[in-house]
Amino acid sequence: MSNVYLHEIVDLCAKEYGITSERMRTPTARNAPRRSPEFEARKVYLWLAKRHTDRSLKQIIAMVGLTSIDYARQAMREVEDRLREDQAFAARVERIEQGIDQYHEARLDRLTYVHRAQASSFRAG
């Protein structure tokens with residue numbers, strides 16, 4: 001489990017698909033053609049958010065303006081299937097996951113730094 005925030009996953013997906021985060025959250029993204037960047041980015045976000053956070057599916061879908069948990073489950077199954085069948089798509093998702101890993105590592109580095117600074121001041125005091 002990663003320590004990444006939902007809005008960071010939205011941002012990473014939007015960037016990879018060449019759209020704004022706001023476009024992923026708008027009603028038009030819900031009605032976009034099935035292969036549009038908004039539609040695909042939103043499905044990938046759902047799959048990645050479920051995989052990399054401990055947030056509930058209800059919280060995950062709310063971040064992008066969705067309300068249907070059934071839709072989200074179907075979208076995540078579609079991403080799973082496509083990852084097995086489409087190497088270019090899998091590479092795209094991997095690039096987003098690398099961004100998630102970078103957020104995670106940066107937070108761990110900051111926590112380690114803070115912990116060391118606190119331990120150092122404790123010993124000095």
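Select Arg35 to begin, in the loop between helix H3 (27–30) and H4; helices here are DSSP runs of H or I with at least four residues, numbered from the N terminus. This is a predicted model, in which local features need pLDDT of at least 70, side-chain atom pairs count only at pLDDT 80 or more, and totals for chains, interfaces and linings use all residues. Residues are numbered from 1 along each chain as its sequence is written, and side-chain values use heavy atoms, with hydrogens and water left out.

Arg35 has 58% relative accessibility and counts as exposed (over 50% relative accessible area; buried is under 20%, partly exposed in between, with a 1.4 Å probe and protein chains only). Leaving aside neighbours within four places in sequence, show what Arg35 contacts: Glu40 and Arg82 (contact means heavy atoms within 4.5 Å).

Next, select H4 (residues 37–52) together with H1 (residues 6–17). Their axes come within 9 Å and cross at roughly 145 degrees (axes are lines fitted to C-alpha atoms over the stretch in contact, with angles from 0 to 180 degrees between N-to-C directions).

Now colour the residues that meet. On the H1 side these are Leu6, Ile9, Val10, Cys13 and Tyr17; on the H4 side, Pro37, Glu40, Ala41, Val44, Tyr45, Leu48 and Ala49. By class, this contact has 11 nonpolar, no polar and one charged residues (Ala, Val, Leu, Ile, Met, Phe, Trp, Tyr, Cys and Pro are nonpolar, Asp, Glu, Lys and Arg charged, the others, Gly among them, polar).

Finish on Glu8, in helix H1. Glu8 is buried, at 6% relative accessible area. Beyond its neighbours within four places in sequence, Glu8 contacts Tyr103 and Arg107.

Terms used: Helix = DSSP H or I, 4+ residues; strand = E, 2+ residues; numbered from the N terminus.
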